[in-house]
Amino acid sequence: MQPIFPLFRLPENVIVHVLQYMDPKQLLIISLVSTKSKNLVTSLGLRARNVYIYISREISLPVAIEGYIFALKFYDDSNIQNELLSVDITLPVDALLLFVNEAIKSSTPFNFSDWLDHIKSVFCYAKPPNIKFYRGCERFEIQSLKEAIGNVDFLHVDSEVTDVYNKEVLKHFNAPNKLYLGRNPFDETCEIQLHSLSKTSK
Amino acid sequence: MTSPASSSEVKYLIESSEGNTFDVSGAALRQSNTFNAMFLNIGADGPIPFTDYNEATLKKVFEYCEHSVNEENYSGPKHQDDLSKWDLNFFNEMDQKMFIDVINASNFLDIERLTSYCCERIARMLRGKNTQEMIKVITLPTAEELEAKQKVEEKKAAAAKKVAEKAAETAEKTETLEELPVQQLVQTTRNKLTRKYLSFSNE
């Protein structure tokens with residue numbers, strides 16, 4: 001049987017004191033319990049240094065906070081046969097703690113956007129996040145990703161991402177502060193243009 | 001308050017919520033920042049009233065303070081694993097109610113060392129729990145329980161409304177009843193006057 005302890009009936013300064021003995025992963029878990037716990041964790045003023053979003057056939061969200069890093073993983077349905085089955089990221093989803101594969105559930109259903117907003121607000125991260133696309137990311141609809149993530153600071157598209165998807169990424173996330181493309185998705189167009197230019201010059 | 005020559009031997013009288021008093025050494029009491037701020041400079045005539053807390057709780061808190069008088073100056077919290085046998089016994093022999101009372105009293109008295117140890121102990125208790133377990137452990141009502149509670153509240157409000165309506169209805173009826181004697185009075189007066197008029201006309 002779980003021991004019961006009425007934490008939230010203690011004075012707020014005592015609760016904050018208790019929270020100061022917890023690591024960011026525990027704080028994230030307790031912040032999901034209620035609005036009060038979320039506000040108390042936020043009041044600690046812990047600041048995430050960086051928030052990255054890695055999109056492959058799953059989405060990973062590593063968060064670095066004052067020398068501590070934890071990462072959440074979403075849509076890790078590796079048992080499903082069809083790898084490219086498209087995913088609706090507007091639906092509620094549980095998070096998995098990367099490396100330990102421990103599920104983290106919110107007390108009310110969260111979709112990916114809610115998770116991202118929650119982490120950004122609890123760990124005082126106001127900047128646009130950094131986003132990296134890898135092979136397999138094509139199962140996520142780009143418009144929904146844009147709506148969930150908003151503007152990005154750093155955009156990275158790996159060379160193994162298809163040209164069609166790559167162009168869609170560039171169309172939607174069109175104003176990053178930094179951009180890295182594994183390869184130029186417009187290569188083919190350039191070649192055609194060069195080819196037609198050379199033909200006309202002849 | 002007694003005041004022997006050496007300040008470390010000074011004993012203060014503490015008054016609990018039951019109105020009982022007991023002695024605490026000045027050295028132990030000085031671990032309380034609240035005491036330091038409130039009484040140390042101005043002194044205290046008679047017992048110091050900490051009447052929000054019962055005797056058992058205050059005695060437990062000051063037992064800790066008396067014990068840690070000779071410990072080196074407080075420099076941040078100790079890890080629970082580093083607690084002495086005495087400290088461990090001190091915490092382990094408390095039931096949960098006493099533990100909560102001790103945290104509250106220690107927080108009010110602002111005894112840094114004791115409050116920190118208590119808080120770390122709670123944090124350790126919550127370590128490794130997921131959200132659902134955390135909800136159970138810290139006894140927060142779940143969404144379903146809140147909904148059920150809300151339904152009960154709504155039922156209560158509806159019942160209270162019915163009672164109020166009934167009361168208003170009864171009051172209305174009472175008012176009508178109260179009006180009756182007045183009407184009867186008017187009628188009686190009217191009858192009397194008619195009889196008088198008739199007797200006059202007969203004369």
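This is a predicted model: local features need pLDDT of at least 70, side-chain atom pairs count only at pLDDT 80 or more; totals for chains, interfaces and linings use all residues.

Me: Why would side chains pair up at all?
Reply: Opposite charges can pair when the charged atoms come close.

Me: OK, start with A:Lys73. Which residue does it bridge to?
Reply: A:Asp76. The closest N and O atoms are 3.1 Å apart.

Me: Is A:Lys73 buried or exposed?
Reply: A:Lys73 is buried, because its relative accessible area is 10%, and the cut-off for buried is under 20%.

Me: And what about A:Asp76?
Reply: A:Asp76 counts as partly exposed, at 25% relative accessibility.

Me: Next one. What does A:Arg183 pair with?
Reply: A:Arg183 forms a salt bridge with A:Asp163, with 3.1 Å between the closest N and O atoms.

Me: Where do those two sit?
Reply: A:Arg183 is in the loop between strand S8 and helix H7 of chain A, and A:Asp163 is in helix H6, so the pair ties together parts 20 residues apart in sequence. A:Arg183 is partly exposed, at 33%.

Me: Switching to chain B. How far apart are the closest N and O atoms of B:Glu93 and B:Lys60?
Reply: They are 2.7 Å apart, in a salt bridge. B:Glu93 lies in the loop between helix H4 and helix H5 of chain B, and B:Lys60 in helix H3, 33 residues apart.

Me: Which accessibility class does each get?
Reply: B:Glu93 counts as exposed, at 56%. B:Lys60 counts as buried, at 8%.

Me: Which residues are linked in a network with B:Lys60?
Reply: B:Glu63 and B:Glu93 are linked with B:Lys60 in a network of salt bridges.

Terms used: Residues are numbered from 1 along each chain as its sequence is written. Chains are lettered from A and ligands numbered from 1 in the order in which they are written. Side-chain values use heavy atoms; hydrogens and water are left out. A salt bridge is a side-chain nitrogen of Lys or Arg within 4 Å of a carboxyl oxygen of Asp or Glu. Buried means under 20% relative accessible area, exposed over 50%, partly exposed in between (1.4 Å probe, protein chains only). Helices (H or I, at least four residues) and strands (E, at least two) are DSSP runs, numbered from the N terminus.
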